[in-house]
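Work through the exercises below with the sequence and the model at hand, and try each task before reading its solution.

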Amino acid sequence: MDRINYQHLYYFWVVAKHGSISAACEVLHLAQPTISGQLAIFEQAVGCQLFVKQGRKLVLSDTGRAVFHYAEEIFSLGRELTHMLKGGAGRGMRLNLGISDALPKLLSYRLVEPLLRMAEPVQIHCLEDKTERLLAELALHGVDLVLCDVPATPASGARVFNHFLGESQVAIFAAPALAERYRRDFPRCLNGAPFLLPTANTALRRSLDQWFDVNQISPMVQVEVEDSGLLKTFGAGGSGLFFSPLAVAEAIESQYGVAMLGIADGVVERFYAVTVQRRLKHPLVNTILEQAQKGLFGLLGNAAPASELSLSAGPAKRGD
């Protein structure tokens, strides 16, 4: 196709946004055969199927999801243009950001916070999900960047690039009463202590299990939690001891009213930004990387294993 029929794209966008042709009919005030016919013409023009039927529902195909993300951006720009022409403020820089649900919330905020202090206004759309699903969105250009605690690998199925942000030692925290009980003879005193742990599918949990074994500690696992923010909320309530990056220790103590017991020697969390570009062009993505490496992790050591700095499709140099 030489050029897109934006009227057809608009019909497609409305159907995708509202989930069915019948719902789109009410929004557009058009008959169902009209919209169905326009969709068929649009699919023929783009050369592939954009919707897949699942029972009575229409579900976007992989290509349909990619087209929908572009349509969202196009019609968002149209609304902003109309607003600007009516005398409103212009649009700032925009970043569609994917954040792994395994990433500590305070750390996520620290990584994104420099963008909120920029002189030029920015618009940040955050999507939190499993790393695997976010990488799929990245491949379809649904997000510009994914922040996660593990590097992408060829198994992710997409050609993406890992950018090492930094690493942090991991510390143990507890509500004041528990902290007082388990502070003496650390870490041997932790044998049998109540712990709140991340679930077994996380990189941190695998490292913690090894640390327990090395130190001959048998934890009493009270709760396993995927969401790092919920885990800290349990910890603040005195339900058990929990682990979090040393890089945000002061913020954790202040926000949750807990105390740091000590450092889990040898346990390190590493953090990555994953993009579809080797050479970064998006100014907001560049800002996140620079501020993380120079500021948040600058004093904590930034040397990652060479194997973890590789592309999912081959070796990469640090900083690419």
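**Exercise 1: the second largest pocket**

Helix 6 makes the greatest contribution to the lining of the second largest pocket, namely 4 residues. The model is predicted, so that local features need pLDDT of at least 70 and side-chain atom pairs count only at pLDDT 80 or more, while totals for chains, interfaces and linings use all residues. Residues are numbered from 1 along each chain as its sequence is written, and side-chain values use heavy atoms, with hydrogens and water left out.

Task: describe the volume and the lining of the second largest pocket.

Solution. Begin with the terms: on a 1 Å grid over the protein atoms alone, a pocket is an open set of points where a 1.4 Å probe fits, with protein on both sides within 12 Å along at least five of seven lines, and a lining residue has an atom within 4 Å of a point. The volume, which is the space filled by probe spheres set on the points, is about 360 Å³. Next, of the 21 lining residues, Thr131, Glu132, Asp149, Val150 and Asn201 are the closest to the centre. Helices are DSSP runs of H or I with at least four residues, and strands are E runs of at least two, numbered from the N terminus; helix 6 and helix 8 (203-214) each supply at least two residues of this lining.

**Exercise 2: strand 7**

Task: determine how strand 7 is covered and which strand pairs with it.

Solution. Taking buried as under 20% relative accessible area (1.4 Å probe, protein chains only), one finds that 5 of the 5 residues of strand 7 (residues 194-198) are buried. Pro194, Leu196 and Pro198 point one way, whereas Phe195 and Leu197 point the other way. Pairing requires at least two DSSP bridges, and strand 7 pairs with strand 8 (residues 220-225) in the parallel sense over 5 bridges, with Leu197 having Glu224 as its bridge partner.

**Exercise 3: an aromatic pair**

Task: characterise the ring pair of Phe195 and Phe243.

Solution. Rings of Phe, Tyr and Trp (its six-membered ring) pair if their centres lie within 6.5 Å, and planes under 30 degrees apart count as stacked; the structure holds 12 such aromatic pairs. Phe195 and Phe243 are stacked, at 5.5 Å centre to centre and 15° between the planes. Because Phe195 lies in strand 7 and Phe243 in strand 9 (residues 242-245), the pair ties together parts that are 48 residues apart in sequence. Finally, both residues are buried, and together with Trp211 and Phe212 they form one aromatic cluster.

Technical notes
Buried < 20%, exposed > 50% of the residue type's maximum accessible area, 1.4 Å probe, protein only. Phe/Tyr/Trp six-rings, centres within 6.5 Å; stacked < 30°, edge-to-face > 60°.
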